Amino acid sequence: MEKAKIDRINYLARESKIRELTSEEKAEQTELRNEYRAGFRQNLMSQLDNVYIKDENGNAKKLIKDEQ
C-alpha cells in the first residue's frame with residue numbers, strides 16, 4: 001500500500017477523534033482500512049509460504065495451510 005494511502009488512513013483516524021466524520025469520509029476510511037488489511041494478509045501469507053518446521057529428526061517440513 002502506498003504511503004499516501006496510509007497517511008490518509010491516519011489522518012481520518014485523527015480527525016474522527018476531533019469531530020464526527022462525514023458519511024463519505026467514513027466510507028473512504030472503511031475502504032482504505034479493508035485495502036490495508038487485505039495487503040497485510042497477503043504479505044503474511046507470502047511469508048508463511050516460506051516457513052519450514054524441523055521435526056525431531058532434523059528434517060525440514062513445509063508448513064501447511066489449515067483450511068477451515
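Tutor: Helices (H or I, at least four residues) and strands (E, at least two) are DSSP runs, numbered from the N terminus. This is a predicted model, in which local features need pLDDT of at least 70, side-chain atom pairs count only at pLDDT 80 or more, and totals for chains, interfaces and linings use all residues. Residues are numbered from 1 along each chain as its sequence is written, and side-chain values use heavy atoms, with hydrogens and water left out.

Student: In what order do the elements run from the N terminus on?

Tutor: The order is α-α-β-β. The protein has two helices and two strands.

Student: What radius of gyration does the protein have?

Tutor: The protein has 19 Å, whereas a compact globule of 68 residues would have a value near 11 Å. The radius is taken over C-alpha atoms, and the globule rule is 2.2 Å times the number of residues to the power 0.38. Along the principal axes, the C-alpha atoms fill a box of roughly 60 × 25 × 20 Å.

Student: And how much of the protein counts as buried?

Tutor: Of its 68 residues, 10% count as buried. Buried means under 20% relative accessible area, exposed over 50%, and partly exposed in between (1.4 Å probe, protein chains only).

Student: Which residues of H2 are buried?

Tutor: They are Glu25, Gln29 and Leu32. These buried residues pack against helix H1 (3-18). An α-helix has 3.6 residues a turn, so residues three or four places apart point the same way.

Student: What span should helix H2 have?

Tutor: Helix H2 (residues 23-48) has 26 residues, and at 1.5 Å a residue these should span 38 Å. The expected span is 1.5 Å times one less than the number of residues. The end C-alpha atoms of H2 are 37 Å apart, which agrees.

Student: Back to H1, then. Where is Asn10 found?

Tutor: Asn10 is in helix H1. Its relative accessible area is 36%, so Asn10 is partly exposed. From C-alpha to C-alpha, Asn10 and Gln29 are 9.3 Å apart in space, and they are 19 residues apart in sequence.

Student: What about Ser16, is it buried or partly exposed?

Tutor: Ser16, also placed in helix H1, counts as partly exposed because its relative accessibility is 37%. Ser16 and Lys26 are 10 residues apart in sequence and 9.0 Å apart in space, C-alpha to C-alpha.

Student: New topic: what share of the contacts comes from residues 24 or more positions apart?

Tutor: Among contacts with a separation of 6 or more, such residues account for 23%. Contact means heavy atoms within 4.5 Å.
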